[in-house]
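Please look through the structure shown here and follow the report below, which takes up its topics one after another.

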Amino acid sequence: MQYQSFPDVRGGSESLQKLSSLRLPPLAGKRFLDVGCNEGFFCGYALFDGAAHVVGIDKSAEALSRARLRFAAAEFLNQSWDCLPEGPFDVITLLSALHYAEDQAELIHRLMERLSDNGLLVLEISMAPGHQDEWIKVKRAIDERYFPTRIKLGKVLKDYAWKVIGHSVNQAGDPLQRYVVHVRKLKPYAWLLMQQPGTGKSTISRRIFSGKPKVPVVSGDRTYLQITQGKFDISAGLREAVSQGFTTATIDKTTRRVLEQGLAAELVELWTRQAGYRDFILDSYVPAEFHQHIRDQLHALGYFPVDISWDTPSPLVQARDAIGKANSYEAHLKKTAVEATAGRISIRKLLKPGLKSLVRWHLDSPTPGQLHAGPNALRLSGWALGSERYQSDYQIYVSGPQGRLLFSPRKVRQDVLTTLFGQEQAAPEFWRTMPCGFSFELPPAWLENAFELGVQFNGEQVPLARVSTDSAESSSGFGTQLLRNLKRYSGK
């Protein structure tokens, strides 16, 4: 009985319509196997589409004799699927025949073993209705056969990448709808986040893949840093290309240099090695013109690369541009100096050289050159501590034309002790508990003239600094010079 239909002979199958339903990939240069090939209709199509090697197997010697007459360039083997030809094959078809196998799942697994890494198994099968993981016995016109539910099919194909492509062509008497299913070997995924620095790659990888420890994140930035630290067994060329002038601010330059020197294959292999040759997320800037090259290298290593793209926010400003803008702003500030009504703060240190090893101090605020607006109070804050005879509690004093005021320190400054003694525990026990930090405000009138800031230990005054504004200093300096001139001219 003729099963397949040709233009010159009618068979029991709508072969041409089925061919359209299968949606076979381009076959030029490919190796093609049709399991249960009958009269060789699909083997003939593979030859027509340019396949390099075409094999058909079938148990019917009669059907194969007709196949050989039509398609002499194909290889036809009179054998069952219990003895599959050696692969690998790029495309394998098993069309409306799976239900004849004693162990249908096992046959699928053996066919997948014959596939090339990028190969495709095309199944034409029927699925039984039901919501259970089971094979359902279905009565047909000529016999009873087992068919999988969709859940059962999913269970059988769980270790592969598969998709139900759509309906196939039913034949008269079919009790169930026929479907076309494409099955491929499951590859590790490489999720590619390759946009410019500062566009959200790391945030996206955390948001999408956080909580999934089986999907590691491979950071391009960290990989470069570890290369400069001498880690990884890599070529001298890659190590030199990465290490040349490397900083965390020049990742984009480093990446471009590595790729322009033809080191993409080694870099991609290093990424996949860090991921253990399994699924991973790549968080690494790659210039757009090299994206396809990176995908090609991943394909060559057996990966299925997946680009993750998004509307890119404003990219991170380049370091050289930021430095240039900062320098321009500095020049602008110098040209447009502020004219302050009360002038700038002037601080002249008064601590005698012989006391510098015994009294340590610092004025955090104000700072020399700080602008001061007339109506605002002046805040003074800082710290002071002493050793030997000055290792005692103290008071800060200010003294000037406005009078004399005393202020007590109120804050223990662990940061000061760490800075001076290396660690807080190394500081004298007295200062570990005694406040050395002070902060207080003076009315703005105090800056109309200069005043003295100092520290008072057990009644002994130790001057620290003279605080004024440049306008007060100018006024004071003019008066002092006038007095000197008067004395000189009067002979005194």
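## Cysteines

The sulfur of Cys43 lies 5.0 Å from the closest cysteine sulfur, that of Cys37, which is too far for a bond, since a disulfide is counted as a pair of cysteine sulfur atoms within 2.5 Å. Cys43 is also buried, with a relative accessible area of 0%, where buried means under 20% relative accessible area, exposed means over 50%, and partly exposed lies in between, as computed with a 1.4 Å probe and protein chains only.

For Cys83, the closest cysteine sulfur is again in Cys37, but at 14 Å, too far for a bond; Cys83 is partly exposed, with a relative accessible area of 48%. The structure as a whole holds 0 disulfides.

## Basis of the model

This is a predicted model, in which local features need pLDDT of at least 70 and side-chain atom pairs count only at pLDDT 80 or more, while totals for chains, interfaces and linings use all residues. Residues are numbered from 1 along each chain as its sequence is written, and side-chain values use heavy atoms, with hydrogens and water left out.

## The chain as a whole

The secondary structure of the chain comes to 15 helices and 21 strands, where helices (H or I, at least four residues) and strands (E, at least two) are DSSP runs, numbered from the N terminus. The radius of gyration of the chain is 43 Å, well over the 23 Å that the globule rule gives for 492 residues, so the chain is more spread out than a compact globule; this radius is taken over C-alpha atoms, and the rule is 2.2 Å times the number of residues to the power 0.38. Along the principal axes, the C-alpha atoms fill a box of roughly 140 × 45 × 45 Å.

Of the 492 residues in the chain, 42% are buried. Among the contacts with a separation of 6 or more, 63% join residues 24 or more positions apart, a contact meaning heavy atoms within 4.5 Å.

Strand β2 (residues 53-58) runs parallel to β3 and is joined to it by 4 bridges, and Asp58 stands opposite Asn78 in β3.

Another open sheet is formed by 3 strands in the order β15-β16-β19, with antiparallel pairing. Its edge strands are β15 (359-365) and β19 (437-442), each of which pairs on one side only, and the twist averages 25° from one strand to the next.

Between β15 and strand β16 (residues 378-386), which run antiparallel, there are 6 bridges, and the bridge partner of Ser365 in β16 is Ser381. Helix α13 (residues 414-421) lies across β15 and β16, running at about 45° to β16.

Terms used. Pairing = 2+ DSSP bridges. Axes fitted to C-alpha atoms, helices over the stretch in contact; angles between N-to-C directions.
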